[in-house]
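User: I am new to reading protein structures. Could you walk me through some helix packing and a ligand site?

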Amino acid sequence: MKARIAVLGGDGIGPEVAREAASVLRAVGARFGHDFAMDEALVGGAAIDATGSPLPPETLALCRGSDAVLFGAIGGPKWGPSSPVRPEQGLLALRKELGLFANLRPVTVNPGLIDASPLKPDLLKGVDLVVVRELTGGIYFGEKRRTATEAFDGCAYSAGEIERVVRVAGRLARGRRRHITSVDKANVLETSRLWREVTQRVVADEFPDCTLEHQLVDSCAMQLIRHPAAFDVIVTENMFGDILTDEASVLAGSIGLLPSASLGVGRLGLYEPIHGSAPDIAGKGIANPYGAIMSVAMLLRFSLGLEREATAVERAVGAALDAGLLTPDLGGTASTSEAGATVARAVREA
Ligand code: IPM
Ligand code: MG
């Protein structure tokens, strides 16, 4: 297969982990006979410094013309909340422009890493959940206003926006344990009352073979720690999904392990680890590349339909973790490039 992949490293540790992910993708190409053309482009703070914009038109054009986008991370103290232009705007614009409304964030616990989590081992057995986060609506994209003494962020959802992301969750649940937890704040928010109504209808009409449970977001935050193994597919709005997935990453032992896929109507998707740019450890060569590499597995599966190749990458990461090739966030001493090279080698020999 021939495919074009846009590689946007971004800021901080972003380029370091994206480099390892790209090398694993090249290894997949070599091992399975695919022709992956990879082009790099600027995004985030790096793009602001070079062009003044966090998402230059050339970068957006490259992404539109690609089959998938491999993304590192963006942000840093140099472009803080008081900057007029911020790196985060680049990522948000990219998600919106590419129509990537569904963000899949799987969380599993590798048995060998149970001690890396601060939670009691008993709680972590059997954890296997995926959060489907709505990604192009809600308070992230509502009207914003600001005066010296007042600020306003609007939160809006349409039934159509809710329906399409619930369908993604339903299709995913069908390939899993068929249990959907919809998370909202329907006791307070109007958008959440619509969310609950629409979710109820879509699941009843289109996914009657799945069970649906509604949880309030505050209670869900608690249940994620009290009984995480009870969750299968969680579907929720943009901001709740952002918060709950950072929380859920603690189950896996490190946020550095978690991948994500952002999907729209076509095959084009954006794949990124859920961690940030970690400026404190940038340039030290110690960032955990496994979340970025696992994002490559999702890219192969969802944008290119290459299931066998996706599994080969996941197995190679599992083997590296089992062999104790751990970066410092997991209590080990492996470097970013050692971890990446080991996975790439295992894929080439798979
Ligand atoms: C994430 C990040 C982003 C978000 C930031 C960088 C804008 O936290 O992908 O979870 O809030 O969506
Ligand atoms: Mg986040």
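User: How do helix 11 and helix 12 lie relative to each other?

Analyst: Start with the general idea. Angles under 35 degrees count as roughly parallel, over 145 as roughly antiparallel, 65 to 115 as roughly perpendicular, and the rest as oblique. Helix 11 and helix 12 are therefore oblique to each other. Their axes cross at roughly 130 degrees and come within 9 Å. Helix 11 covers residues 307-322, and helix 12 covers residues 336-348. Axes here are lines fitted to C-alpha atoms, for helices over the stretch in contact, and angles run from 0 to 180 degrees between N-to-C directions. Helices are DSSP runs (H or I, at least four residues), numbered from the N terminus.

User: What should I know about the model itself?

Analyst: It is a predicted model: local features need pLDDT of at least 70, side-chain atom pairs count only at pLDDT 80 or more, and totals for chains, interfaces and linings use all residues. Residues are numbered from 1 along each chain as its sequence is written, chains are lettered from A and ligands numbered from 1 in the order in which they are written, and side-chain values use heavy atoms, without hydrogens and water.

User: Is the crossing of helix 11 and helix 12 left-handed or right-handed?

Analyst: A crossing is left-handed if the near helix is turned anticlockwise from the far one by less than a right angle, and right-handed if clockwise. Helix 11 passes helix 12 in a right-handed crossing.

User: Which residues of helix 11 and helix 12 make the contact?

Analyst: Contact means heavy atoms within 4.5 Å. Helix 11 brings Ala-312, Val-313, Ala-316, Val-317 and Ala-320. Helix 12 brings Thr-342, Val-343, Ala-346 and Val-347. By class, that is 8 nonpolar, 1 polar and no charged residues. Ala, Val, Leu, Ile, Met, Phe, Trp, Tyr, Cys and Pro count as nonpolar, Asp, Glu, Lys and Arg as charged, and the others, Gly among them, as polar.

User: How does helix 1 meet helix 11?

Analyst: Helix 1 (residues 14-32) crosses helix 11 at roughly 125 degrees, and the axes come within 11 Å. This crossing is right-handed. Val-24, Val-28 and Phe-32 of helix 1 touch Arg-308, Glu-309, Ala-312 and Val-313 of helix 11. The classes are 5 nonpolar, no polar and 2 charged.

User: Now the ligand. Which residues surround ligand 1?

Analyst: A residue counts as near if one of its heavy atoms lies within 4 Å. Around ligand 1 are Glu-88, Arg-95, Arg-105, Arg-133, Tyr-140 and Asp-242. Next come polar contacts: pairs of N or O atoms within 3.5 Å. A polar side-chain atom of Arg-105 is 2.9 Å from an oxygen atom of ligand 1. For Arg-133, the distance from a polar side-chain atom to a ligand 1 oxygen atom is 2.8 Å.

Definitions and conventions:
A polar contact is a pair of N or O atoms within 3.5 Å; within protein, one must be able to donate a hydrogen and the other to accept it, and residues adjacent in sequence count only if both atoms are side-chain atoms. Helices (H or I, at least four residues) and strands (E, at least two) are DSSP runs, numbered from the N terminus.
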